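I opened a new page for this protein. I plan to note what I look up, from the whole chain down to single residues.

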Amino acid sequence: MLRLSREAYTVGWLCALPLSELVAAMKMLDDEHEPLNLEIEDENTYVYGSINKHNVVIACMPPGQPGKVSAARLIQPLSHSFPNMRIHLFVGIGGGVPQSVVLQDPERDIHLGDVVVGWPDLTGAPAVVQYDLIERQGDDVEMQRLLSTSEKPDRKLLSALGLLMAKHVGGRKHFSQHLQKLNDLVDFKYPGVERDKLYASTSPHIAGPTCEKCSPDHVILRESRKLPAQPKFHQGTILCGDSVMKDARKRDELSAKYFNAICFEMEAAGVIDQKHCLVIRGISDYCDGHKNGSWQSYAAATAAAFAREFLYTIQPSTVRELPHVAETAVVAGNTNFNASNDILAHQLSLYASQPSPPDGRIGLKTISCPQIKTADLVFVHGLTGNRETTWTHDYTNFFWPYTITEDIRSACVTTFGYKTDQSIFVGKSDSSAVLDCARNLLESLLQHRKSHEDVPLMFIAHGIGGHICEQALLLCKESLELRKLRSSTCAIMFFDTPHSGDILAQPKLAFEKYFTGLPMNAKESISESLPSSSDLFQRLESEFKQLLQHTHGQIKIFDWPSLEEQRTSATNVTDLVSTRQSVTTQFKHADAAKCSNKQDKGYDFALRNIRKRMYEMPQSVAGILDT
Ligand SMILES: [Zn+2]
């Protein structure tokens with residue numbers, strides 16, 4: 001098998017269902033390549049190969065984890081692990097919206113097994129719309145406009161798609177050849193026109209795995225296509241939501257409301273950067289109560305064959321001319337920066353000596369940014385994870401920062417990432433890595449909070465992330481903007497961060513926990529340099545203690561694991577330190593900030609205390625009422 005470098009891969013092929021979509025994707029490869037060893041941070045498993053000389057990596061979500069959060073987590077490491085990545089193809093199944101206007105034109109209506117491509121049109125209809133987010137915003141016209149004018153796919157991608165569509169008007173020889181690559185798999189064969197039944201939208205499904213008991217009188221009689229086994233291609237708007245659409249009336253209502261959308265699915269909204277992305281869906285059901293799995297494999301096959309034909313239409317040289325996925329992400333970030341803001345510009349120039357590398361895991365990532373915000377929650381991870389994995393349960397994949405946005409709709413939630421090469425965290429005293437991270441955090445926060453600088457700010461931190469937050473708040477005396485940021489800070493919630501008490505008593509023990517699970521040689525070099533590191537942390541802790549006294553309880557401290565919420569004020573700091581000393585840890589440090597589900601005690605602790613603190617803040621009262 002051929003083995004290429006990471007730099008050779010330019011196309012990411014993403015799918016959600018291992019047993020149908022992934023199987024079909026792998027069958028579409030001309031050649032399979034030898035797998036590469038990637039950085040441990042990238043938790044995806046890839047299949048490597050080529051199609052028409054495009055080098056392709058295929059990535060699939062873990063079983064049973066559909067939805068846009070999973071999709072975002074799948075796509076995020078791609079540009080980091082493969083620096084020359086140019087396009088992402090989201091290839092899989094979706095639900096079709098029958099077109100009542102053209103119902104009697106079988107060649108134009110949507111049938112099972114057809115392929116839908118998300119395609120923006122001249123009237124401004126976008127390729128993909130996240131409808132449930134818009135529904136949540138109510139009648140806010142401005143927000144609807146923002147959410148529905150997402151970036152359009154690159155013109156080169158669209159013109160290749162146009163060519164592909166045009167070829168199909170003339171004949172479909174190639175497409176059938178691509179589909180034949182799955183001929184040896186019985187499950188992926190065309191199920192037969194007699195099994196493609198469209199029920200009236202008012203017709204209920206009678207319980208059972210098939211439609212055996214459903215009334216045949218409710219089946220809409222449609223004229224047959226000339227060649228029913230040959231799928232048609234459609235282009236239009238795809239609606240993406242967090243739940244499976246299986247309600248025909250809701251389907252029709254939403255389609256009419258949003259650009260006469262022709263397809264529903266659950267993953268594409270995880271792809272924030274639609275410029276480089278095409279969403280290709282094989283239609284496996286009609287989004288009604290009658291949906292079942294019988295067309296799933298064939299629909300996955302037609303979508304995969306379409307994607308393969310697309311890669312045979314666009315040439316590798318054209319793909320290489322497209323901008324890097326990672327590059328444009330950086331450019332997009334810069335355009336948000338308002339250079340006329342002199343104070344901010346000055347702040348940024350102070351920190352310009354520590355530029356953030358263009359890494360998918362560095363900086364603030366937005367989980368939810370509602371228009372009306374009553375709290376700004378910022379998650380800061382520790383050394384054992386990144387801005388996603390630290391907060392994601394290993395088995396249930398429960399990513400609780402996202403669930404917080406569902407439980408507190410008015411919370412703006414972001415998660416901050418930084419390089420976690422542990423060797424840079426020890427043995428430095430003057431220009432410490434904690435200081436660098438704290439500065440990057442402040443820089444990101446100033447930019448992020450430009451539109452809502454008065455909204456109460458809470459940090460939620462794991463392990464060493466807690467020290468980064470403390471250091472950041474200590475730096476806030478440097479300018480007016482930063483002092484404002486500090487005066488809006490109302491809490492830090494620490495997950496297994498050792499504090500003054502622990503550090504003074506047992507510095508070695510307090511720090512070793514940060515490095516559990518690391519290779520032995522790393523541990524050795526760390527324990528050698530521990531004396532200077534613990535000096536640094538002791539100094540940090542004692543300065544932070546003074547800050548807490550100075551701010552008279554405005555910044556509340558919450559500790560997990562803890563016996564109960566611990567309040568700070570000028571009068572009980574000594575009590576606080578001694579309480580912390582007695583707290584014993586029943587968790588592995590790396591798991592301390594992971595919750596298995598909404599019933600997890602850690603999640604309950606976080607949600608309860610965030611709500612409580614929000615309620616205590618005068619600005620937040622209105623926001624609490626909507627949750
Ligand atoms: Zn039925």
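How many helices and strands does the protein have? I counted 22 helices and 17 strands; both are DSSP runs numbered from the N terminus, helices (H or I) of at least four residues and strands (E) of at least two.

I noted the ground rules. This is a predicted model, where local features need pLDDT of at least 70, side-chain atom pairs count only at pLDDT 80 or more, and totals for chains, interfaces and linings use all residues. Residues are numbered from 1 along each chain as its sequence is written, and side-chain values use heavy atoms, with hydrogens and water left out.

**Whole chain.** I looked up burial. Buried residues make up 56% of the 627 residues (buried is under 20% relative accessible area, exposed over 50%, partly exposed in between; 1.4 Å probe, protein chains only).

I traced an open sheet of six strands, in the order 12-14-13-15-16-17, with mixed pairing. Two strands pair if DSSP finds at least two bridges between them. Which strands stand at the edges? They are strand 12 (363-368) and strand 17 (556-560); each has a single partner strand, so one side of each lacks a neighbour in the sheet. Neighbouring strands are turned by 20° against each other on average, direction ignored (axes are lines fitted to C-alpha atoms, for helices over the stretch in contact; angles run from 0 to 180 degrees between N-to-C directions).

I then checked one pair. Strand 15 (residues 457-462) and strand 16 run parallel, joined by six bridges. A461 stands opposite F494 in strand 16. Helix 21 (residues 601-616) packs on the sheet and touches strands 13, 15, 16 and 17. The direction of helix 21 makes about 170° with that of strand 17.

**T489.** I found T489 in strand 16 (residues 489-495). Is T489 buried or exposed? T489 is buried, at a relative accessible area of 1%. Leaving aside neighbours within four places in sequence, T489 is in contact (heavy atoms within 4.5 Å) with L457, F459, L473, Q554 and I555.

**Helix 8.** I listed the buried residues of helix 8 (residues 248-257): A248, R251, L254 and S255. Seen down the helix axis, they fall within an arc of 130°, so they line one face; the arc is that of the directions from the axis to the C-beta atoms. On the other side of helix 8, R249, E253, A256 and K257 are exposed. Just after helix 8, F259 takes a positive phi of about 60°.
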